[in-house]
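This briefing is intended to be read beside the sequence and the model. Please have both in view before turning to the points below.

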Amino acid sequence: MTNSVVATVDGIITYLAGIFDNPNINYKELVVLSTWVQTAFEVYVLRRQLPCYERPLPPPALKQHLSKETFTKAQSYSKDKTRFALLKLIFDQFLGWGLIKFGAYSGLWSYSGRLLSSVGISPNRVITHSLTWMTILTVLSSLPGLPWSYFQTFVLEQKHGFNKSTKKLWVMDTIKTYALAAVIGLPVLAGFLKVIEWAGKGFVPWLMVFLISIQLTLQIVYPTFIQPLFNKLEPLPQGELRSEVEELAGQLGFPLKHLYVIDGSKRSSHSNAYFYGLPWSKHIVIYDTLIKDSSVDEVVAVLGHELGHWYHAHPTKLLLVTQLHLLLTLTIFSIFINNKSLYASFGFDPSLAVKAPQPICIGFMLFQLVFEPTDALVKFFLNAETRRMEYQADEFAVQLDKRSDLSSALIKLHITNLSSPHNDWLYSMYHHSHPTLPERLNAMDNYKGEKSLKLKNKPAVQDEAETEAKKDL
Ligand SMILES: [Zn+2]
C-alpha cells in the first residue's frame with residue numbers, strides 16, 4: 001500500500017519534471033516578469049494606504065481614545081513608515097532584478113570556483129563551492145540594505161521618538177547578525193545539501209526530518225544562547241504583578257517555569273509580551289516598556305490574551321501549517337532538481353543539473369527565485385489565519401473577565417506605538433497579522449458567548465507537537 005503510494009508520487013514527479021524541463025521555457029524571463037508583477041502589486045497596495053494618512057479625524061471607534069495630538073503624530077509616523085516601505089520595495093526590486101539581469105548567480109559561481117582554486121581547494125568539492133558561493137551572494141545582496149536599516153533606526157524612528165539604540169549598538173547588532181548567520185546558516189546549508197546528496201531521489205522525507213530537527217534545536221537554543229547576545233532577560237521581581245501572573249497561570253494550568261522582563265527599551269520604546277517553551281515548561285517574557293506604560297491589571301489582561309493563544313494551541317497549529325508549507329515546497333523542488341532548462345536560462349552549464357557531483361545549491365536557489373512570488377499568496381493565507389487566532393485569544397481574555405483591562409491595554413499600546421488609526425482593507429489583508437484596534441475592540445464589545453471559563457472543559461492534551469513557539473501580542 002505505502003509502496004504503491006510512493007511509486008505513484010514518484011511517477012507523477014518524474015512526469016512533471018519532464019514537462020517542466022523544456023528549453024522553450026525561459027525561466028529567467030519568467031522570474032523577472034513575475035517579480036515585477038509582484039512588486040507592482042505591492043506598490044499598488046502601499047499606495048492604497050497612503051490616502052488614509054490624509055484623513056483629518058480618527059475612526060469613530062477610536063475618537064474618544066485618541067487626542068488630537070496623538071492622532072496627528074500617529075498619522076505622520078505611519079505615513080513616513082509607508083513611504084519608507086515604498087522606496088525600499090522599489091530599491092529591492094531593482095537590486096534583485098540587477099542581480100538576475102547581469103548574471104550575478106552564474107558569474108559568482110565561476111568566481112567562487114576560481115577563488116577556491118587559488119587557495120588550493122578543488123571547486124569540484126561541491127559543498128565547499130556552494131557555501132562559498134552562498135556567502136558571497138548573501139553578503140553582496142544584503143550589504144546595500146544596511147544604509148536603509150541605518151536610516152530606519154536613526155532617522156525615521158528617531159524623528160518620531162522611538163529610537164533608543166546607539167550607533168555603537170547598531171554596529172554591534174549588525175556584526176552579531178552576520179556572525180550568527182554564518183555560524184548557524186553555513187552548517188545548516190551544508191547539512192541540507194549533504195542530506196539531499198545522500199538520500200538521492202527520495203530526499204523529501206529525509207530532508208523534512210533534518211529540517212524539523214534543526215528548527216526544534218534552534219528554538220531550544222535561541223533563548224539560552226542567541227537572545228542573550230542581543231537582550232537581557234531578568235526574572236520579574238516579586239510583587240503584585242508577579243503574584244497576579246502566577247495566580248492566573250496556576251488557575252489555567254499553564255506550566256509556567258520562568259517569568260522574565262526583557263530590556264526592550266534598550267533599542268526602542270515599542271512594547272510587547274510573549275511566551276515560549278516546551279509543552280511542560282513555559283516561559284513568559286514581558287517587555288519593560290509594557291510594564292512601564294500599563295497598570296498591573298492591564299499587563300495581566302495582556303497575558304490573559306497570550307494564554308489564550310496557548311489554550312487554543314495556536315503556536316502548534318501555526319507550526320503545523322509552516323511544516324506543511326515546507327513539505328509542499330520541497331516536493332515541488334524535487335520536480336525541478338534536475339531541470340537543465342532552469343540552469344541554462346540563468347547562464348549555468350546545463351550539465352550541472354544532472355552530472356555528479358551535482359551542485360544542488362544552485363538548483364535550490366534558482367527554484368526559490370521561480371517560486372518566490374507564490375509567497376504573496378501564502379502571506380494572505382497566514383495573515384487571515386493569525387488574525388482569526390487573535391480574535392480567539394481576545395475572546396479568551398474576555399472569558400477571563402478581562403475585557404475592559406485588555407481594551408485599555410490595547411488602546412495604550414496603540415497610542416505608545418503610534419499605530420495607524422485608518423487602514424485600507426487590502427493593505428490590512430496583506431500586511432497585518434493582527435486585526436486593527438477598532439476591529440478588536442468591536443469584536444470584544446460584541447462578544448455574546450460564555451463570560452466565564454469552565455476550566456474543567458479544558459482539553460487534557462493540547463500542544464503535544466509544540467516544543468517552543470513564540471507568539472507575540
Ligand atoms: Zn496575540
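The structure is a predicted model, in which local features need pLDDT of at least 70, side-chain atom pairs count only at pLDDT 80 or more, and totals for chains, interfaces and linings use all residues. Residues are numbered from 1 along each chain as its sequence is written.

**Confidence**

- Over residues 456-471, pLDDT stays under 50. For this stretch the model has 37 contacts beyond four places in sequence, a contact being two residues whose C-beta atoms, placed from the backbone, lie within 7 Å.
- Where pLDDT is low, the predicted coordinates should not be read in detail.

**Annotated binding site**

- An unreviewed UniProt entry lists His305, His309 and Glu390 under "binding site". UniProt positions are given in the numbering used here, feature names are shortened, and annotations may be inferred rather than shown by experiment.
- These residues span 86 residues in sequence, yet no two of their C-alpha atoms are more than 8.3 Å apart, so they gather at one spot.
- His309 belongs to helix α11 (residues 296-311); helices are DSSP runs (H or I, at least four residues), as are strands (E, at least two), numbered from the N terminus.
- His309 counts as buried because 24 C-beta neighbours lie inside 10 Å. A residue is buried if 20 or more other C-beta atoms lie within 10 Å of its own, exposed if 12 or fewer, and partly exposed in between, with C-beta atoms placed from the backbone.
- Glu390 lies in helix α15 (residues 375-399) and is also buried, with 22 C-beta neighbours inside 10 Å.
- Beyond its neighbours within four places in sequence, Glu390 is in contact with His434 and Pro435.

**Helix α14**

- Helix α14 (residues 360-371) has 12 residues and reaches 16 Å from its first C-alpha to its last, close to the 16 Å expected from 1.5 Å times one less than its number of residues.
- Nine of the 12 residues of α14 are buried, so the helix is largely enclosed by the rest of the structure. Among them are Cys361, Phe364, Phe367 and Val370.
- The cover over the buried residues of α14 includes α2, α4, α5, α7, α12 and α13.

**Annotated transmembrane regions**

- The unreviewed UniProt entry gives "transmembrane region" for residues 89-111, 131-156, 177-196 and 202-222.
- Residues 89-111 are 91% helix and 0% strand, with end C-alpha atoms 29 Å apart.
- Residues 131-156 are 88% helix and 0% strand, with end C-alpha atoms 36 Å apart.

Technical notes. pLDDT is the predictor's confidence in each residue, from 0 to 100.
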